[in-house]
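Subject: Handover of a structure and the findings on it

Dear colleague,

Please find below the structure that I am handing over to you. My findings follow directly after it, arranged by topic.

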Amino acid sequence: MNEDDPATQLSLFDPAPPEPRAAEPEQHEQQEQHRIPEQRAPEARPCPNCRRAPDSAPEQHARDIDQQWLEITATGQIEVRRFCAACQPHYGLAFLACELCGLDLFLIGELAHEVAEDRLPTVLLTWLAAEGWSPHPVLTCPSHAR
């Protein structure tokens, strides 16, 4: 023990431990390597229909625009649309839901009218089958249609 080195001297009258020496450059580099990277929230996507960005609740906005809305196009095909809460249709709707988990599809326009009349058009049944849904014996989503 070197009596001239203050870092190695202990005093009976000073209960404070000696101050640690500055970290060696190697230790500093190791600490930098083990640092957890900063995590940023993913940037919210704008609504694909009206191009609005989320106002206050980006998680709710993301859930809204992830919802599938189906309609029949002028060519007789099923088109998947996505809306935010501000621009989604509020009338002329029908819903289809998985009987096991409640995952739902929103139907708009002529397609909604057909389903409301208890008719499932062939184009809708074809689309459901292509997406992994099963209509028999009950309507089930791709996760449950096994």
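A residue is called buried when its relative accessible area is under 20%, and exposed when that area is over 50%; values in between are termed partly exposed. Trp-69 has a relative accessibility of 1% and therefore counts as buried. Please bear in mind throughout that this is a predicted model.

Overall architecture

The chain has 146 residues, of which 22% are buried. Its secondary structure consists of four helices and four strands, and from the N terminus these elements follow the order α-α-β-β-β-β-α-α.

The aromatic residues

Three aromatic pairs are found in a search of the whole structure. In one of them, the ring centres of Trp-69 and Phe-106 are 4.7 Å apart and the planes stand at 80°, so this pair is edge-to-face. Since Trp-69 belongs to strand β1 and Phe-106 to strand β4, the pair ties together parts of the chain that are 37 residues apart in sequence. Phe-106, with a relative accessibility of 16%, also counts as buried.

Phe-106 takes part in a further edge-to-face pair, with Phe-95, where the distance is 4.8 Å centre to centre and the angle between the planes is 90°. Here the partners lie in strands β3 (Phe-95) and β4 (Phe-106), so the parts tied together are 11 residues apart in sequence. Phe-95 has a relative accessible area of 49% and is therefore partly exposed. Trp-69, Phe-83, Phe-95 and Phe-106 form one aromatic cluster.

The hairpin of β1 and β2

Strands β1 and β2 pair in the antiparallel sense, over four bridges. Five residues lie between the two strands of the hairpin, in which Gly-76 adopts a positive phi near 85°.

Helices α3 and α4

Helix α3 spans residues 109–116, and its buried residues are Leu-111, Ala-112, Glu-114 and Val-115. Viewed down the axis of α3, these residues fall within an arc of 160°, so they line one face of the helix. They pack against β1 (69–72), β2 (78–81), β3 (93–97), β4 (104–108) and α4 (122–130).

In α4, the buried residues are Leu-124, Trp-127 and Leu-128. Their arc around the axis is only 100°, which puts them on the same side of α4. An α-helix has 3.6 residues a turn, so residues three or four places apart point the same way. The buried residues of α4 pack against β1, β2, β3, β4 and α3. The exposed residues Thr-122 and Ala-130 are carried on the face of α4 turned away from its buried side.

The nonpolar core

The largest nonpolar core has 16 residues, and those that touch the most other members are Leu-70, Leu-96, Leu-105, Leu-107, Leu-124, Leu-128 and Trp-133. At least two residues of this core come from each of β3, β4, α3 and α4. When neighbours within four places in sequence are left aside, the contacts of Trp-133 include Ala-97, Cys-98, Leu-105, Leu-128, Leu-139 and Pro-142.

Backbone features

Which residues other than glycine have a positive phi? Arg-51 is one of them, with a value of about 70°, and Asp-118 is another, with phi near 60°. Arg-51 lies in the loop between α1 (25–33) and α2 (58–66); its relative accessible area is 60%, so Arg-51 is exposed. Asp-118 is found in the loop between α3 and α4, and at 74% relative accessibility this residue counts as exposed.

Two further points concern the part of the chain that comes after α4. The helix is followed by Gly-132, which has a positive phi near 95°. The peptide bond from His-136 to Pro-137 is cis, with omega near 0°, and Pro-137 lies in the segment after α4.

Yours sincerely

Notes
Residues numbered from 1 in each chain as written. Predicted model: local features only at pLDDT ≥ 70, side-chain atom pairs only at ≥ 80, totals over all residues. Heavy atoms only, no water. Buried < 20%, exposed > 50% of the residue type's maximum accessible area, 1.4 Å probe, protein only. Arc of directions from axis to C-beta. Contact = heavy atoms within 4.5 Å. Phe/Tyr/Trp six-rings, centres within 6.5 Å; stacked < 30°, edge-to-face > 60°. Core = buried A, V, L, I, M, F, W, Y, C linked by side-chain atoms within 4.5 Å. Pairing = 2+ DSSP bridges.
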